Amino acid sequence: MTDLAVEAQGLVKKFGELRAVDGIDLQVHAGEVYGVLGPNGAGKTTTLSMLATLLRIDAGSARIFGVDVHHEPHKVRQLIGLTGQYASVDEKLTARENLVLFARIHGQRKQQARETAADLLERFGLTDAGDRLLEKFSGGMRRRLDLAASLISSPPLIFLDEPTTGLDPRTRGQMWDTIRDLVRQGSTILLTTQYLDEADQLADRIAVIDHGRKVAEGTSGELKASVGRSTLAVRLADPADMDAAARAVATVLGRPASRTPEAARLTVPLERADDAAEALIALRRSGISVQEVKVEEPTLDEVFLALTGSPASDEPDHASTGPAASGQLDEMEISR
Amino acid sequence: MTTLTAALPELRARVSPRETLRQILLMTGRALQKMRRNPEQFFDVTLQPLLFTPMFGYIFGGAVAGGVSKYLPLLIPGILVQTALTSCMATGVTLREDMEKGVFDRFKSLPMSRVAPLAGPAVADTVRYAIATTLTILVGLAMGYRPGGGVVGVVAAGLLVVVTAWSLSWVFTFLGTMMKSAQGLQGISMMVLFPLTFLSNAYVPASTLPDWLQAFVKVNPVSHVVSALRSLANHGTVNSEVGWALLACAIVVAVFVPLAVRGYRRQL
């Protein structure tokens, strides 16, 4: 038998000409939190929908705890809980009515379903709002209810599709805490996100996907290491100093700096905090005046740049990104 | 085998018929609950009988039958069928709108019967058909309709209308699973419904029509249902038309329920 919660090989989903998911392999171990990270339109939701039996798999295969998704969808549905990107709850019912309905669909009797609903409302801090129509719920409350609904049958695997997209920072933090609680109780979680920090906060392992393909996989540390821990960004007082500044920084750090000439901005990845000091001293010695200095954490865009050689939002360009991506993947595999 | 996989719940291969029935009732309950909260869903079935019955009666009565009260025995069964058809079209449109909402993602991901989310609204909507039918008959009575079939005949006719509407709603449920938008479905449905109701004996005796049109009117299932209703309500007799109408309903259900479920699965 297998201890893999999710085992997908060569998943493909086509929408007409577009290959929304183009041969994705995933292996999620029981008990882990696995993050699928990518920009809008990368194929994250489509991948999740195929695994959750919402979309037909066009090619490849997927198993959930060893059960084939294509051949035995009904069994798979007994193993998963799905929290959708657009809350999959009924707007025209109250929170409590939603939970009771889903619990009864799961086979609970009326009284038992009521207790389940009350417990979940309590656990997710929604008791006071339990009898309000969902139309009057805030985005954060709706997501919490949606998550609560996914937990009714205590499924061993939970899918979370962009659990915090569109939430304000405070609600986002609450959602993260809720997810961490689930992890402590031993749930296996597969979540998608467009935020590196979210994957960083929650996921044990991360797959980066772009244009329907997996371009990298690893822990968040490994991913960030591929772009440097953080970035030093300086804005020059005089844009004419750009060449000299780039040369000075490259010489002292032994790495090229990237430039944004129109903003007179120079960025360089930092391996150690000391690198920042070295770079600034080098600029001062060359007599280059600096208007602004910032140390930035790597963004998803930079991870993408490093992994694919093209910005995350770029149009498909497989001819150039393909080889670069697989090269990077090899590098990461070796580094692990 | 590891302990983790051993701890997995025992998995059922399919939904039992009993579970299916239970889930259909649950989904019916959900649809009724939503209907109560959104009284707009009753506008069409309330206004249409109140508006159409007098309108058709007073406009065509004199020309077609030489008087409103003579026209009513011909007209009321026709209006009943027309109202039933338009209100079961609304069943499909409402379902289509509902399916665009996120909650259907959850229904699809739950280990539940595939027919239940479709059958629930269909069953719940029989309430709407019953309202439309009752109002049409009441308006007819107020205008001077005196059905010869008595209470039993009229109630039997009313039941036949509701059964017909429920059966035909599966056609629109099927279209709802195939069409991309509620507007598109509404457009197509109107194009199907208008010829079906007007090219029938619902408003005029078929004998007044040109031969080629009579040929179509005779095979039009709407004509058979209208004839069956006239026989039940006006004469209190069960004739072969009633049998044909019920058979047609059974065939529609037997064909379109599986098609609708297949359409729903295929959206996956």
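Among contacts in chain A that link residues at least 6 apart in sequence, 68% bring together residues at least 24 apart. That figure, like everything below, comes from a predicted model. Chain A holds 12 helices and 14 strands, and buried residues account for 54% of its 336 residues.

Now for where the two chains meet. Chain A puts 40 residues into the contact and chain B puts in 35 residues. Interface size is often quoted as the accessible area lost when the parts come together. Here chain A and chain B bury about 3300 Å² between them, with 64% of it on carbon and sulfur atoms. On the chain A side, His74(A), Arg77(A) and Ile105(A) give up the most area to chain B, and together they make up 20% of what that side buries. Charged pairs turn up as well: the rule picks out 4 salt bridges across the interface of chain A and chain B. Arg37(B) and Glu97(A) pair through their side chains in a salt bridge, at 2.7 Å from N to O.

On to the nonpolar packing. The largest nonpolar core runs to 110 residues, and the ones with the most contacts inside it are Leu99(A), Phe102(A), Ile105(A), Phe107(B) and Trp170(B). Helix H4 (residues 68-99) of chain B supplies the largest share of this core, 15 residues. A second, separate core has 32 residues, including Ala5(A), Ile57(A), Ile80(A) and Leu82(A). Back in the largest core, Leu99(A) is one of the residues with the most contacts. Setting aside residues up to four places away in sequence, Leu99(A) touches Ala117(A), Leu120(A), Leu121(A), Leu145(A), Ala148(A), Ala149(A) and Ile152(A).

Chain B comes with some annotation. An unreviewed UniProt entry marks residues 42-65, 71-95, 151-175, 187-204 and 242-261 of chain B as "transmembrane region". In the model, the span 151-175 of chain B is 100% helix and 0% strand, with its end C-alpha atoms 36 Å apart. For residues 187-204 of chain B, the end C-alpha atoms lie 26 Å apart, and the span is 67% helix and 0% strand.

Gln183(B) belongs to helix H9 (residues 182-198) of chain B and counts as exposed because its relative accessible area is 64%. Ser223(B), in helix H11 (residues 221-235) of chain B, is buried, because its relative accessibility is 5%. Beyond its neighbours within four places in sequence, Ser223(B) contacts Ser200(B), Asn201(B) and Val217(B).

Finally, a look at backbone angles. Most residues other than glycine have a negative phi. Glu162(A) is not a glycine, yet its phi is positive, at about 45°. Glu162(A) sits in the loop between strand E7 (157-161) and helix H6 (169-184) of chain A, and it is buried, since its relative accessible area is 2%. His211(A), also not a glycine, has a positive phi of about 50°. His211(A) lies in the loop joining strand E9 (205-210) and strand E10 (213-218) of chain A, and with a relative accessible area of 15% His211(A) is buried.

How values were computed:
Residues are numbered from 1 along each chain as its sequence is written. Chains are lettered from A and ligands numbered from 1 in the order in which they are written. This is a predicted model: local features need pLDDT of at least 70, side-chain atom pairs count only at pLDDT 80 or more; totals for chains, interfaces and linings use all residues. Side-chain values use heavy atoms; hydrogens and water are left out. Helices (H or I, at least four residues) and strands (E, at least two) are DSSP runs, numbered from the N terminus. Buried means under 20% relative accessible area, exposed over 50%, partly exposed in between (1.4 Å probe, protein chains only). Contact means heavy atoms within 4.5 Å. A nonpolar core is a set of buried Ala, Val, Leu, Ile, Met, Phe, Trp, Tyr and Cys residues joined through side-chain atoms within 4.5 Å. UniProt positions are given in the numbering used here, feature names are shortened, and annotations may be inferred rather than shown by experiment. Buried area is the accessible area (1.4 Å probe) that two parts lose on being put together, summed over both.
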